[in-house]
Amino acid sequence: MGGGENLHAGLFYAWWIFLNGFLSFFEIRFLQSLTGIRRRLSAIACLFVSCGLTFLVMYLQSSQMCRLLLHTGVIFCFCVFAMKVKVLEAVVPMAVILTAYMFMEGFQNVLMSRLVQMSVSERMGIAVQFAVSGVLAVVTAGSLCFMAKRFGHMRKEQESSYRQAVDCLNEAKDRNERYLAFQHDIDNHLLVLAGLVREKKYAQAEDYTRNLKAYSDSLAAGIRTGNLAADVLFSEKLIWAEARGIKVSLDIHFSKKYFIEDADLCTLLANGLDNCLNACEKEPREKREITVRAGMRHQFLLINMTNTIHCPESPAAGGTAGNDGGLLREKDYGVGLKNIKRTVEKYGGTMRAERKEGQFCLGMMLCLEPSAKGNRLSGEGK
């Protein structure tokens, strides 16, 4: 009898350590998918620590609550200290993990209490407990994988939008620095020109002036919206549109009185313009046309973009036809529109995407706060 009890105890220890390691593995994968951070050695160490603590609490016959707290505590420490995630940012994923773990434990306890009431044999009870705990662990792991995939996709969209905005801002910063350097050296250029004219080297002076003008033109954004980053973005997009025979009409005026992050403004404009340009490229050259209007009305920033499409019913801007008139359904938004929606909602605003009269229309409205501490929408002082 003693040998049988030892065998059962050994099986319980091995099974629960295996299940704990199995769940810990998928919990770590869930955290890695959410954050995009990979710490393989730390993850392996976390798995060993979690399995070791499982053996310890079982050996000491600790309560279920103690086991639960230790399990989530190990994962939380891995998230904060190994993956360097901020404590507040770790709360939500840890709450998801804790909820899934508690659901599994609770369901298993209810089932085991029913088995006790049914007075099944010991061997049958052990077999059922192993089977149920295994199935619940697989379901829990599958749920974490599903959520990790969804959240991981959202994270990639955000990173793509962020990189696009950063590239735009870096280009604006680089152009501004080159312009300041040119402005700083303008006196020296004038001295050189004066010297060439004084020595009657008119041909050299003309060449020097021509080269100086070409360099000056390359620094000028060509568009003045009131925001340096937006100027650079529109200039680059217009070059792209001109090469493909797309006519672009702009009517843009940003106010200096209200503040919006340059990265957020680039996200709105870049994603909206990319949708318009990609849609117009599918049209005949004579029908490729984009109109962009943006400006302030009181403290609201209004941005409207329209582009021609083949017909009102055809999908545009990364979506499919909706059922609510010409409105595009939110579930049909492409990556660009999702990035725009997320940014608009950050400023308590709304967006609207619809098809009407052979055009795709995108409207955005953001509620902006007055500039403070030198921050202003125009990007001055950079």
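Predicted model: local features only at pLDDT ≥ 70, side-chain atom pairs only at ≥ 80, totals over all residues.
Student: Let's begin with E27. Where does E27 sit, and why is it called buried?

Tutor: E27 belongs to helix α1, residues 2-35. Its relative accessibility is 2%, and buried means under 20%, so E27 counts as buried.

Student: Which residues does E27 touch, neighbours within four places in sequence aside?

Tutor: E27 is in contact with H71, I75, I97, Y101 and L144.

Student: I97 is on that list. What makes I97 buried?

Tutor: I97, in helix α4 (residues 87-118), has a relative accessibility of 1%. That value falls under the 20% limit, so I97 counts as buried too. Apart from neighbours within four places in sequence, I97 contacts E27, F30, L31, I75 and L144. The C-alpha atoms of I97 and S24 are separated by 9.8 Å, although these residues are 73 apart along the chain.

Student: Now the helix pair α2 and α3. How do you know whether they run roughly parallel or roughly antiparallel?

Tutor: Helix α2 (residues 40-59) and helix α3 (residues 64-82) pack at about 165°, with axes 10 Å apart. Angles over 145 degrees count as roughly antiparallel, so α2 is roughly antiparallel to α3. The crossing of α2 past α3 is right-handed.

Student: Which residues make that contact?

Tutor: From α2 come S42, A43, C46, V49, S50, L53 and V57. From α3 come R67, L70, H71, V74, I75, F78 and A82.

Student: Let's turn to charges. Why is the pair K237 and D274 called a salt bridge?

Tutor: The closest N and O atoms of K237 and D274 are 2.6 Å apart. A salt bridge requires a side-chain nitrogen of Lys or Arg within 4 Å of a carboxyl oxygen of Asp or Glu, so this pair qualifies. K237 lies in helix α7 and D274 in helix α8, so the pair ties together parts 37 residues apart in sequence.

Student: What makes D274 partly exposed?

Tutor: D274 has 21% relative accessibility.

Student: How many salt bridges does a search of the whole structure find?

Tutor: Eleven. Among them is E199 with K201, where the closest N and O atoms are 3.3 Å apart.

Student: Last topic, the largest nonpolar core. Which of its residues touch the most other members?

Tutor: L269, L337, M364 and L366 do, out of 38 residues in that core. Helix α8 gives the most to this core, with eight residues. Other elements giving two or more residues include α7 (228-243), β3 (289-297) and β6 (359-367).

Student: What does M364 touch, residues up to four places away in sequence not counted?

Tutor: Its partners are L268, L301, L302, I303, M305, I340, V344, T350 and M351. There is also a second, separate core of 20 residues, which includes I28, A43, F78 and V85.

Note on methods. Residues numbered from 1 in each chain as written. Heavy atoms only, no water. Core = buried A, V, L, I, M, F, W, Y, C linked by side-chain atoms within 4.5 Å. Buried < 20%, exposed > 50% of the residue type's maximum accessible area, 1.4 Å probe, protein only. Helix = DSSP H or I, 4+ residues; strand = E, 2+ residues; numbered from the N terminus. Contact = heavy atoms within 4.5 Å. Axes fitted to C-alpha atoms, helices over the stretch in contact; angles between N-to-C directions. Parallel < 35°, antiparallel > 145°, perpendicular 65-115°, else oblique. Left-handed = near helix turned anticlockwise from the far one by under 90°.
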